Amino acid sequence: MDQKVRQLEVCTQDGSVDRHGNPAIRAKTGKWLTAILILVNQGLATLAFFGVGVNLVLFLTRVMGQDNAEAANNVSKWTGTVYIFSLLGAFLSDSSWGRYKTCAIFQASFVAGLVMLSLSTGALLLEPSGCGVEEAPCKPHSTVTTVIFYLSVYLIALGYGGYQPNIATFGSDQFDADDSVEGHSKIAFFSYFYLALNLGSLFSNTVLGYFEDQGAWPLGFWASAASAFAGLVLFLAGTPKYRHFKPRESPWSRFCQVLVASTRKAKIDVDYDDMNLYDSETQRTGDKKILHTKGFRFLDRAAIVTPDDEAEKVESGSTYDPWRLCSVTQVEEVKCVLRLLPIWLCTILYSVVFTQMASLFVVQGAAMKTNIKDFKIPASSMSSFDILSVAFFIFAYRRFIDPLFARLNKRETNKGLTELQRMGTGLVIAIMAMVAAGIVEIYRLKHKGTDSNSSSLSIFWQVPQYMMIGASEVFMYVGQLEFFNSQAPTGLKSFASALCMASISLGNYVSSLLVSIVMKISTRDDMPGWIPGNLNKGHLDRFYFLLAALTAADFLVYLVCAKWYKYIKSEASFSESMAEEEV
């Protein structure tokens with residue numbers, strides 16, 4: 001008996017297992033040793049991805065011979081495809097492969113795509129020698145060469161997209177949420193994960209971006225391939241120490257079973273105050289039952305035991321028909337997803353604001369004074385201030401802001417801002433960023449020059465708007481990762497992370513649609529629209545203020561959704577175990 005108790009004490013309590021399928025031993029698996037490997041892996045993979053993506057539009061115009069509109073359109077399609085593949089990776093991970101296998105396979109595809117791109121660029125695409133710069137575009141390519149190029153970049157999209165939503169969840173799997181110490185580390189992991197992502201992109205946006213802009217495309221692509229390969233080797237090196245969660249039955253079949261079972265029982269009379277609900281001991285999520293909640297009561301019908309269910313059980317021998325009767329936990333999983341959707345929808349407009357950093361912020365900066373004596377600052381490099389802001393606010397939040405709010409919290413001892421409160425804070429800061437960008441544009445127009453698209457106002461006036469976007473990311477995207485990971489059912493953890501990526505993708509599409517609508521409405525015979533090719537003839541400030549107003553309206557809707565949201569409750573959550581220890 002004592003031996004069994006000792007074994008239970010040294011094993012994790014969240015249902016995680018080692019690579020052999022045995023219960024994970026706490027002292028020998030997981031924690032920060034494996035989490036750091038995953039963080040470094042994320043940084044290297046992000047460096048590799050943005051080493052291609054940051055200047056892909058230039059590669060398409062200078063090397064592939066496309067015009068600006070065609071190149072921009074192809075980059076948008078490629079970026080959107082990355083996020084579509086993230087949903088594929090999440091589905092495979094949650095339903096059959098598991099997170100470790102999914103990450104390994106898609107990372108291998110990522111490396112293969114980068115190697116193919118590097119080889120084809122050096123051997124086939126840069127013809128004649130010395131082409132690929134602004135002054136010397138390359139000659140037209142054959143159909144075969146073009147197909148090889150697109151095959152390589154979409155293999156990169158497949159690899160990075162399928163890997164990205166799973167690596168964040170797999171990293172959080174290395175910490176036992178039911179342990180007081182590891183539970184705090186699990187929460188902190190998402191902040192450091194987002195920091196690793198930004199630090200990786202910082203190097204590719206500056207160093208690799210500079211060499212590629214100078215025409216050293218093979219060097220930039222080979223550096224990306226080497227970075228991705230090093231990340232894959234590090235990831236595989238942690239194999240003996242990783243903690244895993246076994247993939248269960250397809251979460252989508254469980255989802256559909258609830259919808260079918262509740263629809264089948266739509267006509268039965270139900271007393272919602274006195275229901276006989278089926279609570280199976282075998283149907284669990286992460287070895288925890290989810291407690292029944294009010295709301296979406298129609299779905300509760302799926303868990304009501306009827307005489308027909310009992311009769312079918314007798315006929316089948318020992319089990320109920322899962323398409324007629326579902327457990328309370330299974331019903332609550334569907335409720336969890338439905339409650340998450342309004343919150344997720346509110347994050348899409350924030351992503352519209354976020355995408356301006358890579359588009360209109362750059363256009364605005366290019367129309368400002370970018371010279372410091374003889375050195376010209378690339379407008380796109382101003383995004384470095386966003387990355388520095390992310391790094392600063394991640395540490396500031398963990399060290400100062402969160403402890404401060406924890407002390408001020410009189411209702412719940414030692415608890416800072418919730419994930420929903422942090423996401424709301426991110427929306428408020430995003431509104432401030434758009435207002436700041438609009439004010440800078442007003443002053444830029446006051447100092448516009450006689451040239452077609454220039455101003456004497458220094459580009460460094462953009463620093464506040466970049467810094468505020470960085471601060472908002474820490475509250476919104478880190479909070480969003482933590483929120484979706486903690487609130488999604490165990491069988492849909494990777495899908496929840498993919499939703500975070502999907503909101504960014506939809507933000508890009510909504511931004512493009514909004515720009516098109518604004519330009520169509522604002523363009524008149526005597527007015528070229530708010531965002532013309534020559535910004536000195538437009539009113540970009542009005543577009544920024546429009547985004548601020550739309551985000552403010554989105555914030556009000558978000559407040560309603562956040563107040564309505566009910567947190568998931570299981571039979572032994574981390575917060576409950578903490579409360580028991582304090583008592």
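## Salt bridges, cysteines and a bent helix

The side chains of D300 and K335 meet in a salt bridge, with 2.8 Å from N to O. This pair links distant parts of the chain, since D300 sits in helix α10 and K335 in helix α12 (residues 328–355), 35 residues apart. Both D300 and K335 are buried. A salt bridge here is a side-chain nitrogen of Lys or Arg within 4 Å of a carboxyl oxygen of Asp or Glu. Buried means under 20% relative accessible area, exposed means over 50%, and partly exposed is in between (1.4 Å probe, protein chains only). Helices (H or I, at least four residues) and strands (E, at least two) are DSSP runs, numbered from the N terminus.

A word on the ground rules before we go on. This is a predicted model, in which local features need pLDDT of at least 70 and side-chain atom pairs count only at pLDDT 80 or more, while totals for chains, interfaces and linings use all residues. Residues are numbered from 1 along each chain as its sequence is written, and side-chain values use heavy atoms, with hydrogens and water left out.

### Salt bridges around R26

How many salt bridges does a search of the whole structure find? The search finds 14. Your eye may like to go to R26 next. The side chains of D179 and R26 meet in a salt bridge of 3.9 Å, N to O. D179 lies in the loop between α6 and α7 and R26 in the loop between α1 (2–10) and α2, so this pair ties together parts that are 153 residues apart in sequence. R26 also meets E182 in a salt bridge, at 3.3 Å from N to O. Here too the pair links distant parts of the chain: E182 is in helix α7, R26 in the loop between α1 and α2, and they are 156 residues apart. R26 counts as buried at 17% relative accessibility, and E182 counts as buried at 4%. To complete the picture, R26, D176, D179, E182 and R243 are linked in a network of salt bridges.

| Salt bridge | N to O distance |
|---|---|
| D300 and K335 | 2.8 Å |
| E182 and R26 | 3.3 Å |
| D179 and R26 | 3.9 Å |

A disulfide is counted as a pair of cysteine sulfur atoms within 2.5 Å. A search of the whole structure finds one. That disulfide joins C131 to C138, with 2.0 Å from S to S. The link of C131 and C138 is right-handed, with 85° about the S-S bond. Both C131 and C138 are buried.

C326 counts as buried, at 0% relative accessibility. For C500, the closest cysteine sulfur is in C346, 14 Å away, and that is too far for a bond. C500 is buried as well, with a relative accessible area of 7%.

### Backbone details

A cis peptide bond joins E127 and P128, with omega about 0°. P128 is found in the loop between α5 (99–125) and α6 (143–172).

K31 has a positive phi of about 65° and is found in helix α2. At 31% relative accessibility, K31 counts as partly exposed. F296 has a positive phi of about 50°, and its place is in the loop between α9 (251–264) and α10 (297–300). F296 is partly exposed, with a relative accessible area of 32%.

Helix α2 (residues 31–53) also holds T34. T34 is buried, with a relative accessible area of 1%. Leaving out residues up to four places away in sequence, T34 touches Q174, G238, K241 and Y242, where contact means heavy atoms within 4.5 Å.

### The bend in α14

Where does helix α14 (residues 383–408) bend? The bend is at Y397 and amounts to about 55°. This is the angle between axes fitted to the seven residues ending at a residue and the seven starting there. Y397 is itself one of the buried residues of α14, which also include S383, D386, I387, V390, I394 and A406. What covers the buried residues of α14 includes α7 (180–213), α15 (419–446) and α16 (463–487).
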